[in-house]
Amino acid sequence: MALVDRPLSPHLQVYRFIFTMMLSGLHRITGVGLAVGAALLVYWLIAIAAGPEAYSTAQALFGSWLGRLVLFGVTLALFYHLCTGVRHLLWDTGWGYDVKTANATGVVAVVVAVGLTLITWIVAYAMRGGS
Amino acid sequence: MSMRSPLARVRGLGSAKGGTHHWWVQRLTSIALVPLVLWFAASVAPLAGASHAEVVAWLASPVPAVLTIFLVVVVFHHLKLGLEVVIEDYVPVVWQRTTLIICVTFGCILFGAAGAFAVLQVALGG
């Protein structure tokens with residue numbers, strides 16, 4: 001099948017950059033990035049099943065500065081994707097398409113995502129007892 | 001231009017013969033993931049730094065075991081659907097697109113099965 005040279009919609013650089021557009025792009029980027037989070041979840045579960053030795057290796061990896069950085073990124077991406085995902089579900093009901101509401105729910109999604117991330121990490125650090 | 005009404009076209013299930021099935025399952029999995037992810041985060045954050053015995057005790061109990069299996073399965077189903085759309089959007093060459101979608105599909109099934117099996121091993125291993 002030969003590729004037909006059909007007209008394309010103007011791409012990113014043509015539009016003025018706006019808030020909701022950034023959120024939409026981030027929803028997709030975090031979604032793809034969460035593949036890493038999903039793989040880490042499976043690794044964690046396998047390490048638990050494999051026994052104390054494999055589990056302590058996993059703990060050391062997740063506990064290293066790089067491991068914590070990745071896990072923090074995964075947590076933020078997860079809650080961001082969840083919150084903007086709920087926004088998508090609300091749009092599916094036909095609600096919230098006007099500019100004012102779309103901007104407002106965007107702000108709410110970002111604030112809630114950051115809030116949930118911070119709460120999760122505060123709980124995690126509180127439980128570690130400073131170790 | 002088609003003379004058929006939108007309803008008639010949907011009933012014909014479009015060129016992919018799948019209709020809205022992909023879209024619908026993506027919504028179903030996202031609805032399920034909202035409570036599952038919140039539950040998992042609330043459960044796992046307090047387990048930071050926990051010993052192997054503590055984590056096993058948690059994961060082996062019925063509710064966490066079942067919900068974690070459910071989480072893993074739904075996560076990888078949702079991931080497969082999402083990555084598929086991204087690949088369809090950005091990979092224009094058909095054989096590359098198809099190959100990638102096959103890899104993503106098999107990868108998601110493999111990882112999902114491995115994760116679910118690990119939970120079963122912990123829960124039933126005694």
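Two residues are taken to be in contact if their C-beta atoms, placed from the backbone, lie within 7 Å. On this criterion, B:V56, B:L59 and B:A60 in α3(B) meet B:V119, B:V122 and B:A123 in α5(B), where helices (H or I, at least four residues) and strands (E, at least two) are DSSP runs numbered from the N terminus. The residues of this contact of α3(B) with α5(B) divide into 6 nonpolar, no polar and no charged, with Ala, Val, Leu, Ile, Met, Phe, Trp, Tyr, Cys and Pro counted as nonpolar, Asp, Glu, Lys and Arg as charged, and the others, Gly among them, as polar.

The structure is a predicted model, in which local features need pLDDT of at least 70 and side-chain atom pairs count only at pLDDT 80 or more, whereas totals for chains, interfaces and linings use all residues. Residues are numbered from 1 along each chain as its sequence is written, and chains are lettered from A and ligands numbered from 1 in the order in which they are written. The predictor gives the complex an ipTM of 0.90 and a pTM of 0.90. For chain B the mean pLDDT (the predictor's confidence in each residue, from 0 to 100) is 92, and 88% of the residues of the chain reach 70 or more.

Within chain B, helix α3 (residues 52-60) and helix α5 (residues 94-125) pack at an angle of about 95°, with their axes 8 Å apart; axes are lines fitted to C-alpha atoms, for helices over the stretch in contact, and angles run from 0 to 180 degrees between N-to-C directions. The helices α3(B) and α5(B) are therefore roughly perpendicular to each other, given that angles under 35 degrees count as roughly parallel, over 145 as roughly antiparallel, 65 to 115 as roughly perpendicular and the rest as oblique.

Chain A contains 4 helices and 0 strands, and the C-alpha trace of this chain spans about 55 × 45 × 30 Å along its principal axes. Its radius of gyration is 20 Å, whereas a compact globule of 131 residues would have one near 14 Å, the radius being taken over C-alpha atoms and the globule rule being 2.2 Å times the number of residues to the power 0.38.

In chain A, the axes of helix α1 (residues 19-50) and helix α2 (residues 52-63) come within 6 Å and cross at roughly 145°. The contact is made by A:Y43, A:W44, A:A47, A:I48 and A:A50 of α1(A) and by A:A54, A:Y55, A:T57 and A:A58 of α2(A), and by class it has 8 nonpolar, 1 polar and no charged residues. The axes of α1(A) and α3(A), in turn, come within 8 Å and cross at roughly 130°, which makes α1(A) oblique to α3(A). Among the residues of this second contact are A:L23, A:L26 and A:H27 of α1(A) and A:V74, A:A77 and A:L78 of α3(A), and its classes comprise 9 nonpolar, 7 polar and no charged residues.

Between the chains, 26 residues of chain A are in contact with 28 residues of chain B. On the side of chain A that touches chain B, α1, α2, α3 (65-92) and α4 (99-128) each supply at least two residues, and α1(A) gives the most, with 12 residues. The residues of that side divide into 19 nonpolar, 4 polar and 3 charged.
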